[in-house]
Amino acid sequence: MKCVGKNVLRAEGEDKVTGRAKYIDDLSFPGMIYGHTVRSSVARGRILSVARDPAFDWGGFTLVDHRAIPPGGRNIVAMIVEDQPFLAVDEVRHREEPILLIAHADPERLAEAVAHIEVHYAPEPAVLDLEHATTVLKELTISKGDLEQGFAQADRVVEGSYFTGAQEQLYIEPNGVIAVPGVDGKSITVYGSMQCPYYVQRALRLLLGLDETQVRVVQTTTGGGFGGKEEYPSILAGHAALLACAAGRPVKMVYDRLEDLVATTKRHPARIRHRTGVQRDGTLVAMEIEVDLDGGAYVTLSPVVLSRASIHATGPYRAPHVRVRGRVLQTNTPPTGAFRGFGAPQSQFGIELHMDRIAEELGIDPVALRQKNLYASGDVTATGQRLDGSVSAHEVLERALQRHVKKKRPKKKDGLLRGTGVATFFHGSGFTGGGEVKLASRAGIELTPRNVRLLVGSTEIGQGTRTMHAQIVADTLAIPYEWVETADPDTARVPDSGPTVASRTCMVVGRILQRAALDLQQALGPYRTPDEFRRRSRKLLAKRPALQFIAQYDRPGDIRWDDATYQGDAYGAYAWGCNIADVEVDPITYQARCTRLTAVIDIGKAIHPLLACGQIEGGSLQAVGWALYEEVVMRDGRMANGQLTNYIIPTTLDTPEILVELVENPYPHGPFGAKGVGECPVDGPAAAILNAIRQATGVRLNAIPATPEKIMQAMDAR
Amino acid sequence: MMRASPFSYFAPITIGEVAKILAGEGPRALLLAGGTDLIPNMKRRTQTPAVLVSLRRVAELRGLANGRIGSAMTLSSIAESPHLSPHRALIRAAAQVATPHIRNAATLGGNLCLDTRCNYYNQNYEWRQAIDFCMKRASDGGGHPVRNEDGVCWVAPGSPRCWAVSSSDTAPALIALGATVTLVSIAGRRELPLNDLYCDDGIAYLTKPSDELLTEVVLPDATGWRSTYWKLRRREAFDFPVLSVAAAVKLASDGTVLDARLVLGAVASHPLLIAEAQELVGMPLSDDAIERLAAAAARFAKPLDNTDFALGWRKRVARAYVTGALRELRGDDPATLGLLARRATALRPLS
Ligand SMILES: Cc1cc2nc3c(=O)[nH]c(=O)nc-3n(C[C@H](O)[C@H](O)[C@H](O)COP(=O)(O)OP(=O)(O)OC[C@H]3O[C@@H](n4cnc5c(N)ncnc54)[C@H](O)[C@@H]3O)c2cc1C
Ligand code: SF4
């Protein structure tokens, strides 16, 4: 009867494939009107005036600016630093910054009205890219050993700089919410497409000066997130709430693709610089690394993206002397934000290209160089974390090499240039450092006469949260999977299990649910069969109408972390991975195609192997897009290719054959041994592909996306 | 929020009725074939016809025999038609339009009359409004775009004309094949070499008046001809061409060129017929001759950045493509011609 490790039916699958699932744009409320955002058309400047055309008929329109924020509320988007307003007051710091909100019962009339609003600015000089950025929003240093001493031991010093571009999350469903004002005029409910209902609740409380009983946030069926619905829905929900309060009516705001592309967050563009001391035999002795991220105009979540990027910047390699300096720099572009991998794909792209460069300079095989330096149990990371148990760096590389058996080259020469590249990587599961302790997440189980209901704020966004949580609880209680259902994430009904991010929903939240299940079991007393479980639970319920067992995050005893020095156990557990990519480059069109990609990843335990493989295939493909196709073209601080005709992602025909292999080296504190899987697959493919292009063409690209024009330029320069 | 503005709808059954409605409604009306271009344009309000005349029920437009192709034939049926296999350029072009779903609805007539494209124009209403409408503008209640006297061209400010790009895949192929088209209005019917249907202007890109409907495409006898179509796009599906090369040659048994046509697509407001191809006539397709023509053609390929952002790359590939296409026609092993030829080989119809 056990279901962990089996491919049970997806909990919400039937609703989705039959069209029964309701997404935010499918919902409607009596009297609902439609909201729209008026955004800045300059990258930086002072707002001189906002004027409405007096000749235009403004009847029926609701207009709201920063002055509509109620007393007791604050014009600040609750995140790490209090710098970002919901609505600009007298200055704008990036294109598309929200200034004014407008709503009407007829959505067709909104564009017309916007044309009659004139915003005058005194533009100021703007910094539009990382290259010109100088203002530092956040800085950190991680050190280990003594860099000077390390370089003194080196036979050779290898340097390199690597660049990654912005990337759009491109969830199928754009951002959208509906805000419904309470009849008392002092409460609000927001429904929406989102990853983190409790983040949205916190943001609304601060904006409106309300307490948690007055703000209710409900996640509706969500068509993908990938980090893009981690922080941004807080802003959108705030806007809809302000309009709803002003109009006294429900307000729907659903972005179209253009608005979603130009205004919402993207992956941080990055510049990674390496200076590495190596010995003749390939032993790394000193790693000096600089990680610079383009944070855009406001701080948002960049400090935590930076810390993950910096901690992963060494890659899964041991070195006695390390210094990583990380910085987030400010530009006058829309703030960048969370995206699957959260900084680690950028910094590991850097180290993986750099490893191939080192191998080449030393005349060593790139695989051998990795084998020489990969972490093994007992090694100590740059933050001073001693790795033990479930350290699979060598194993995933070995298995990838076995799996990725060389294909026979076509006998005829067809003119295509072919190469194969490798990348090894790791990915910490859960929040960095003390993050999980601070979150103090809670989740629980409710006993009902028919079944067991999970109460958890973690959201299903297409990745399989509900299925996987139900499996964990079903097996813990030894009852059938079908007996476990999940309450909709609704801040009025479920406890805060922390955000649905950071590959934590299985390992961390799954574990909390498991502990809640054990509490329930204890209350029931021993039972031998599911039927007996049911009898006992009915008996228990007869005494009390609703029975809830809520558990809280419990730090595994031996973990310690110091935020001030960036020293300690950065993550409870790491997933380990290896990619091998085959690439073909057409010397006529300079187009590169990834034809085959092997991904071997240790995730501890696959609760649902099919879903886990799906995560790995999808994440790998997202990285293929980042490596070869997806380019955010910025002109004057605005995305110039804000539609899917020009911002292109791989189609099925551009998708390589992806060979996935799961490795299961359990983490004792994860449910059934599980670690994280969601983000890790994005870390390796881009570097493996570029390393393959290097082998195929002989040219070294150090920036992605590797578009045909970049490959052409590099081949010309040869 | 993207919705089309209101329109009235006719679904006539004969070509005669279509012509009559078009004559009566004037430029307010537009023909609706597969709708794969028109409907998205109506939602973005770049085409705002007050009247739509559907061709769906006009059975006369769906014939295919003796080199005559009804304009309402879908691109899938063309790509799969064994009758058309001698006209390889057409089959390859049709098979590479958009995606299978779109090809199942899209028609040949719609593809030939496809509106020209530009990054500053193929955007929603608000986007265009925010940067100020450019020179090309939807006419109020009219189907065809008109010239906006207050607007500038954002691609080439100061330019007196619109440079929106002809992005049809089948047009260059059919011009290379020497096709003519039949046009019908209440005034009667006429035949026109396909190349003469197009105008070098991004706004008034067709020479035909709006009350004329394209009923069929007529292909000349293909005996002795070889043809091909090479399309450059960034992905293997979906994308409009950012450059295309259609080539056809008629060869004598000794390999001497008797006739030749070369057309570039997606580099100008109309398919670009390269007159220099005639210089091949009377000699064999030598490497030298091919190179000379490729160099000449590349000089005419002046892509702007209004459909794709890269210029130098497309110009470079233009030359390589012409060379590749002509070498393929000469009979070189496709396996030596790179990724594109391999893809083209895979597209060869089953016979
Ligand atoms: C995602 C996407 C990708 C695309 N990719 C490509 C591509 O790669 N290559 C390409 O060429 N096109 C592409 N298209 C555009 C379009 O799908 C095709 O050009 C298609 O062939 C248009 O045919 P249709 O029947 O749908 O035309 P419609 O949209 O019905 O009509 C297009 C225009 O032609 C006019 N028209 C139609 N029939 C006639 C007739 N018989 N006589 C006179 N005028 C007529 C209409 O009035 C309208 O102005 C793409 C479209 C989309 C949405
Ligand atoms: S080429 Fe110029 S005028 Fe024509 S659509 Fe583009 S911007 Fe407008």
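Domain bounds here come from an automatic or database domain assignment. On that basis, chain A is divided into domain 1 (13-22 + 441-552), domain 2 (31-124 + 174-257) and domain 3 (270-432 + 565-717). This is a predicted model, in which local features need pLDDT of at least 70, side-chain atom pairs count only at pLDDT 80 or more, and totals for chains, interfaces and linings use all residues. Residues are numbered from 1 along each chain as its sequence is written, while chains are lettered from A and ligands numbered from 1 in the order in which they are written.

**Domains of chain A**

- Taken over C-alpha atoms, the centres of domain 2 of chain A and domain 3 of chain A are 37 Å apart.
- Between these two, 18 residues of domain 2 of chain A are in contact with 20 residues of domain 3 of chain A; two residues are in contact if their C-beta atoms, placed from the backbone, lie within 7 Å.
- The side of domain 2 of chain A that touches domain 3 of chain A has 6 nonpolar, 4 polar and 8 charged residues. Ala, Val, Leu, Ile, Met, Phe, Trp, Tyr, Cys and Pro count as nonpolar, Asp, Glu, Lys and Arg as charged, and the others, Gly among them, as polar.

**Contact between chains A and B**

- Chain A brings 31 residues into contact with 31 residues of chain B.
- On the side of chain A that touches chain B, the elements that give two or more residues are α2 (108-114) and α17 (708-717) of chain A. Helices (H or I, at least four residues) and strands (E, at least two) are DSSP runs, numbered from the N terminus.
- By class, that side of chain A divides into 16 nonpolar, 6 polar and 9 charged residues.

**Sheets of chain A**

- An open sheet of 7 strands has the order β3-β5-β1-β12-β9-β10-β11 (chain A), with mixed pairing; two strands pair if DSSP finds at least two bridges between them.
- Its edge strands, each pairing on one side only, are β3 (62-64) and β11 (215-219) of chain A.
- On average, neighbouring strands of this sheet are turned by 20° against each other, direction ignored. Axes are lines fitted to C-alpha atoms, for helices over the stretch in contact, and angles run from 0 to 180 degrees between N-to-C directions.
- Strands β9 (residues 176-181) and β12 (residues 251-254) of chain A run antiparallel and are joined by 4 bridges, with A:Val177 opposite A:Met253 in β12(A).
- Helix α5 (residues 232-247) of chain A packs on the sheet and touches β1 (33-39), β3, β5 (98-104), β9, β10 and β12 of chain A; its direction makes about 35° with that of β9(A).
- Helix α4 (residues 197-208) of chain A lies across β10 (188-192) and β11 of chain A, at about 150° to β11(A).
- Another open sheet consists of 3 strands in the order β4-β2-β6 (chain A), and the pairing is antiparallel. Its edge strands are β4 (91-92) and β6 (117-123) of chain A.
- Strand β2 (residues 45-52) of chain A is joined to β6(A) by 7 bridges, and the bridge partner of A:Arg52 in β6(A) is A:Ile117.

- In strand β12 (residues 243-251) of chain B, 7 of the 9 residues are buried. A residue is buried if 20 or more other C-beta atoms lie within 10 Å of its own, exposed if 12 or fewer, and partly exposed in between; C-beta atoms are placed from the backbone.
- Strand β11 (residues 225-232) of chain B pairs with β12(B) in the antiparallel sense over 8 bridges, and B:Thr228 stands opposite B:Ala247 in β12(B).
- β12(B) also pairs with strand β13 (residues 257-265) of chain B, in the antiparallel sense over 8 bridges.
- β12(B) and β13(B) form a hairpin with 5 residues between them, and B:Gly255 in the turn has a positive phi of about 90°.

**Ligand surroundings**

- Around ligand 1 there are 32 residues, of which B:Ala33, B:Gly34, B:Gly109, B:Gly110 and B:Asn111 come nearest; a residue is near a molecule or strand if its C-beta atom, placed from the backbone, lies within 6 Å of it.
- The shell around ligand 1 divides into 19 nonpolar, 10 polar and 3 charged residues.
- Of the 14 residues around ligand 2, the nearest are B:Cys118, B:Tyr120, B:Cys134, B:Cys153 and B:Cys162.
- The shell around ligand 2 has 11 nonpolar, 2 polar and 1 charged residues.

**Backbone details in chain A**

- The peptide bond from A:Ile704 to A:Pro705 is cis, with omega near 5°.
- A:Ser390 is not a glycine but has a positive phi of about 50°, and A:Ser390 is buried, with 21 other C-beta atoms within 10 Å.
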